[in-house]
There are 2 protein chains.
Amino acid sequence: MPKINRLFASPEATENAFYDAIARADLDALMTLWADEDEIVCIHPGAARLVGRAAIRASWEAIFERGGVHIHPTQRHVVMSSMSAVHNLIEEIRHGDQEPTQRHVLATNIYLKTPAGWRIVVHHASVAPGAAPVDTAPSSTLH
Amino acid sequence: MPKINRLFASPEATENAFYDAIARADLDALMTLWADEDEIVCIHPGAARLVGRAAIRASWEAIFERGGVHIHPTQRHVVMSSMSAVHNLIEEIRHGDQEPTQRHVLATNIYLKTPAGWRIVVHHASVAPGAAPVDTAPSSTLH
């Protein structure tokens, strides 16, 4: 199944598929990206944590009732090991004409290399005050 | 240096040393626990992210000017791979007599196995509304 292999071939590919599924409100596509582990964790901005597939699926189903959410991940910082990848990024969330200057959203996304490719084990998003700062530290996107 | 080896022998040992250093307001001890990587990230609850050793050190120095912070990590969920460990937990923060019932703090702590032992690469803490829920999902502490 080359299509599935390509989809999970790298943490970046899985992350792209994650935000693409959120934009399209595609619940099944989104849930295939998570690792098959009891301990998967999802924290939506300003919300309590959710542990396990059933709770995570229900939360996204509720979000998708209002349609997809267009999120553009920027200013990504990456720490890799052979079997895991940690991405910390700023989520630029598109709200139509409204410019999100009063706050921004930070996310830590963690991927594990499984026999079925790179899968999400943790998505931790939270709100920070003010506009997203311009990142002056060296970013992994420049490496 | 057996003392140093023991200190970083496992992600749990490094995590215990992390919260112990915060309780004692020991900045040097705290900073030795972080990995020697450009991309280390620290997000304090409700704050913007900090990338790199200098910014992270300065933030803790400012916090420690008011003394140590007593944090008891509870309801830990763990995902391990051979070279990394992801801990998601609730931080019970002791504020003297004040019971923190209006909100609680969630943290994702990520550890990497380095030649110098298990070191922190990301500490992402955020605020969630309400009292900390009682965790009914299977916890790694029971495994």
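## Basis of the description

Residues are numbered from 1 along each chain as its sequence is written, while chains are lettered from A and ligands numbered from 1 in the order in which they are written. Because the model is predicted, local features need pLDDT of at least 70 and side-chain atom pairs count only at pLDDT 80 or more, whereas totals for chains, interfaces and linings use all residues.

## The sheet of chain A

Chain A holds an open sheet of 6 strands in the order β2-β1-β6-β5-β4-β3, with mixed pairing; strands (E, at least two residues) and helices (H or I, at least four residues) are DSSP runs numbered from the N terminus, and two strands pair if DSSP finds at least two bridges between them. β2 and β3 of chain A stand at the edges with a single partner strand each, so one side of each has no neighbour in the sheet. Neighbouring strands are turned by 20° against each other on average, direction ignored.

β1(A) and β2(A) pair in the antiparallel sense over 3 bridges, and Val41(A) stands opposite Val51(A) in β2(A). Helix α2 (residues 11–24) of chain A lies across β3, β4, β5 and β6 of chain A at about 60° to β6(A), whereas helix α4 (residues 53–64) of chain A lies across β1 and β2 of chain A at about 130° to β2(A); such angles run from 0 to 180 degrees between N-to-C directions, with axes fitted to C-alpha atoms, for helices over the stretch in contact.

## The sheet of chain B

In chain B, an open sheet of 6 strands has the order β2-β1-β6-β5-β4-β3, with mixed pairing. β3(B) and β4 (residues 84–93) of chain B pair in the antiparallel sense over 8 bridges, and the bridge partner of Met80(B) in β4(B) is Ala85(B).

## Where the chains meet

The contact takes 35 residues from chain A and 34 residues from chain B, where two residues are in contact if their C-beta atoms, placed from the backbone, lie within 7 Å. On the side of chain A that touches chain B, the largest share, 6 residues, comes from β6(A).

## The nonpolar core

Val121(A) and Val121(B) touch the most other members of the largest nonpolar core, which has 64 residues. Such a core is a set of buried Ala, Val, Leu, Ile, Met, Phe, Trp, Tyr and Cys residues joined through C-beta atoms within 7 Å, and a residue is buried if 20 or more other C-beta atoms lie within 10 Å of its own. Not counting residues up to four places away in sequence, the residues that Val121(A) touches include Ile110(A), Leu112(A), Val79(B) and Val86(B).

Note on methods. A residue is buried if 20 or more other C-beta atoms lie within 10 Å of its own, exposed if 12 or fewer, and partly exposed in between; C-beta atoms are placed from the backbone.
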